[in-house]
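We'll hop from stop to stop, picking something to select each time.

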Number of protein chains: 4
Amino acid sequence: MGRTGPHRDLNLQARILTSTRDLIFAEGPRAVSINQIASHAGVGKQTIYRWWPSKASVVIDALEQQFASESPFPTSGSAKEDIRTQMRAVAATFSSPTGSMIRELVAEAQGDPVLAEEFRTRFVAERRRGGAAALRAGIAGGQLRADLDIEIVIDLLYAPLWLRMLLGHQPLDEATVDAIVEQAWPALKA
Amino acid sequence: MGRTGPHRDLNLQARILTSTRDLIFAEGPRAVSINQIASHAGVGKQTIYRWWPSKASVVIDALEQQFASESPFPTSGSAKEDIRTQMRAVAATFSSPTGSMIRELVAEAQGDPVLAEEFRTRFVAERRRGGAAALRAGIAGGQLRADLDIEIVIDLLYAPLWLRMLLGHQPLDEATVDAIVEQAWPALKA
Amino acid sequence: MGRTGPHRDLNLQARILTSTRDLIFAEGPRAVSINQIASHAGVGKQTIYRWWPSKASVVIDALEQQFASESPFPTSGSAKEDIRTQMRAVAATFSSPTGSMIRELVAEAQGDPVLAEEFRTRFVAERRRGGAAALRAGIAGGQLRADLDIEIVIDLLYAPLWLRMLLGHQPLDEATVDAIVEQAWPALKA
Amino acid sequence: MGRTGPHRDLNLQARILTSTRDLIFAEGPRAVSINQIASHAGVGKQTIYRWWPSKASVVIDALEQQFASESPFPTSGSAKEDIRTQMRAVAATFSSPTGSMIRELVAEAQGDPVLAEEFRTRFVAERRRGGAAALRAGIAGGQLRADLDIEIVIDLLYAPLWLRMLLGHQPLDEATVDAIVEQAWPALKA
DNA sequence: CGTTAAGCGAGACGGTACGTCCTGTCTTAAC
DNA sequence: GTTAAGACAGGACGTACCGTCTCGCTTAACG
């Protein structure tokens with residue numbers, strides 16, 4: 001019992017997300033419209049709205065696709081080293097074109113609570129989990145203080161990276177990461 | 001060699017900035033258009049565009065006006081206490097309607113390098129100066145480590161507040177501030 | 001090779017033209033803005049600009065719509081009588097609210113060569129054709145001179161009506177038409 | 001009781017009128033703003049509004065200045081020849097840049113009854129007087145029919161020239177003038 | 001010969017309309 | 001029946017011009 005007409009082309013979603021990413025890479029955050037994405041992907045606007053409620057929702061999926069291939073960090077045994085490695089990876093991402101997508105989402109989320117929640121749940125929480133795991137491993141291994149407030153410490157370490165991406169008030173490179181780790185270390189070490 | 005003709009009407013400027021602030025407080029940052037500001041201030045649209053290049057530029061000035069009356073923090077003698085007081089004030093501002101204006105500016109700055117630079121120079125740098133002063137005083141008084149990297153430490157302490165305002169992933173209250181200070185203190189104290 | 005997607009909504013076009021005519025009749029030609037037309041027709045401004053390059057272009061179409069229902073003049077057998085009848089009809093139109101639309105178009109066309117050409121082709125030429133036909137019939141019937149320069153004679157007869165509409169220097173009524181016909185008749189009759 | 005202060009600088013008016021004429025010559029009718037005239041004349045806007053109520057009023061004065069040096073037509077003794085000469089002069093003016101000024105005024109007058117009246121009184125009536133004089137001379141000399149309706153005949157002869165300037169539907173040259181005169185002559189001659 | 005008030009340039013002002021752009025929904029024709 | 005193309009209502013944007021107003025410079029008549 002076959003059906004007639006073309007079927008949902010699953011390639012379409014991928015094409016849309018790729019176009020979104022390419023356009024944001026090329027034009028920077030906030031400079032991309034739904035119309036542009038649609039025509040760049042060779043897709044009708046309705047096809048986008050069928051699956052996503054807003055441009056930002058598309059961006060968040062494109063971002064997730066970007067991270068899909070992310071491999072977990074190897075653990076070296078040294079908590080300080082593992083933290084530094086993770087932070088360097090975050091800094092590198094924030095400095096790369098992928099940072100533009102994140103900046104776009106943060107910007108859009110300021111006026112869209114639904115998106116904000118989605119962004120927190122699907123992206124922010126996800127990234128924090130990795131950091132928390134490293135911290136907990138360090139505590140378990142006796143290298144970090146047992147009484148650390150994990151959420152607070154994650155903010156101490158990572159918020160500077162976020163802020164430098166968003167405001168650009170200070171550089172965001174490996175030296176910066178190292179300085180943060182060194183500066184914060186006395187507060188972390190057992 | 002003065003110039004002839006009428007000059008910038010400072011009264012008017014104030015009216016525009018006040019209207020901008022009032023509207024943003026009432027409607028939220030994304031819901032305010034230049035037309036609304038103009039008609040609320042009883043002003044022609046061109047008068048706004050004569051003096052500011054964009055809505056965001058008006059907002060940044062309105063924000064500055066908001067902080068113009070800011071009084072300097074009293075110093076208690078205790079570096080830890082002074083830092084905590086300042087951070088609590090920042091957290092309070094970030095949680096107030098004024099925070100909406102800041103969030104709007106951060107969002108808009110993601111796509112507007114000129115605005116971003118203006119925001120860094122006129123707002124961010126200004127606020128960081130206060131924190132740096134408190135830290136230097138603490139170092140001079142022997143209560144804080146002499147080898148602190150001031151810029152890094154400011155980020156450690158304040159970036160979490162910024163990020164909680166922008167992402168809303170964690171609360172932003174006095175308890176949070178206290179937890180941050182306590183957690184970071186071992187890294188700061190002499 | 002057809003095209004896909006929705007097509008020009010002719011219903012909508014009619015609504016826009018009717019609104020244009022109604023507003024010009026009510027307010028006079030110069031007092032009508034595109035925004036007014038759009039909101040009176042319950043239409044987005046872009047919908048107007050999608051199909052017409054300027055307000056004047058809309059007016060010219062509204063004018064054409066006005067004349068679409070025009071019935072051809074009955075021929076009485078008397079060339080002089082037929083000419084007079086036609087001229088009276090023109091004078092009546094020029095004196096009616098429809099005259100406002102024509103005056104607006106003539107005015108606008110002074111600064112817009114494209115509109116001028118459109119007006120000549122679609123309105124002026126069309127009206128002149130009727131006059132020319134009457135004249136040729138008169139010549140064929142032996143009532144008018146065989147060597148008439150049709151274009152010149154049409155100007156002789158109708159230009160006074162146009163000019164009185166545009167300048168208002170002299171009345172534009174049936175008596176005027178009759179006087180013109182009587183005065184010019186010796187130059188026309190066989 | 002005299003007054004103090006500088007007096008009205010009559011040079012200014014001339015400069016304004018010349019600038020107006022130059023700009024209309026250069027840009028065509030309908031393309032000139034008061035701001036442009038003011039800055040081209042090196043004059044404040046208020047100086048223009050001090051003496052003229054509208055842009056069109058300035059144009060009408062500039063036009064009059066243009067005609068100030070006009071010399072009366074010599075009379076040849078032949079009514080037909082005199083009429084033809086006058087009409088050729090009118091056609092030449094209408095075809096020259098001066099025609100742009102007239103077109104601007106006709107256009108503006110369609111929406112401004114006060115200007116329309118001023119234009120009729122100060123320009124149209126003035127020009128018609130010359131034609132009427134030639135016709136009356138021809139009647140007096142027995143070359144033209146005694147029962148001519150002067151106003152109607154002036155329209156018959158000159159309205160085609162006006163209309164060709166305003167609509168551009170037919171050429172406006174000496175051959176045209178000759179054709180009009182020849183075609184109309186049987187209606188005029190005694 | 002200094003005072004004073006008008007003429008003047010420059011241009012800021014409130015306001016209106018413009019024509020462009022984008023969003024999110026709806027419609028049509030092709031495959 | 002899904003799709004690409006794109007029309008649609010709505011509304012913000014930034015520009016241009018209008019006619020009024022204000023500022024400070026210059027200048028001529030009065031005292």
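## Stop one: chains C and D

Color chains D and C separately and look at where they meet: 2 salt bridges cross this interface, a salt bridge being a side-chain nitrogen of Lys or Arg within 4 Å of a carboxyl oxygen of Asp or Glu. To see one, select Arg164(C) and Asp155(D), whose closest N and O atoms sit 2.6 Å apart.

Before going on, some ground rules. This is a predicted model, where local features need pLDDT of at least 70 and side-chain atom pairs count only at pLDDT 80 or more, while totals for chains, interfaces and linings use all residues. Residues are numbered from 1 along each chain as its sequence is written, chains are lettered from A and ligands numbered from 1 in the order in which they are written, and side-chain values use heavy atoms, with hydrogens and water left out.

Still at the D–C interface, 15 residue pairs are in polar contact, both residues at pLDDT 80 or more. (That's a pair of N or O atoms within 3.5 Å; within protein, one must be able to donate a hydrogen and the other to accept it, and residues adjacent in sequence count only if both atoms are side-chain atoms.) Now show the helices α6 (97-109), α7 (113-140), α8 (150-167) and α9 (174-188) of chain D, each of which gives at least two residues to the side touching chain C. Helices here are DSSP runs (H or I, at least four residues), numbered from the N terminus. The largest share, 12 residues, comes from α8(D).

How much area is buried between chain D and chain C? About 3400 Å², with carbon and sulfur atoms giving 62%; buried area is the accessible area (1.4 Å probe) that two parts lose on being put together, summed over both. Select Gln110(D), Leu167(D) and Gln183(D): they supply 22% of what chain D buries against chain C, more than any other three residues.

## Stop two: chains A and B

Switch to chains B and A, where 37 residues of chain B are in contact with 38 residues of chain A, contact meaning heavy atoms within 4.5 Å. Pick out Arg164(A) and Asp155(B), a salt bridge with its closest N and O atoms 2.6 Å apart. Then try superposing the chains: a rotation of 179 degrees with 0.2 Å of shift along its axis puts chain B on chain A, RMSD 0.5 Å.

## Stop three: DNA strand E

- Trp51(B): an N or O atom of its side chain is 2.6 Å from one.
- Gly44(D): a polar backbone atom is 3.0 Å from one.
- Gly44(B): a polar backbone atom is 3.2 Å from one.

Technical notes:
Copies are superposed by least squares on the C-alpha atoms of residues with pLDDT of at least 70 in both.
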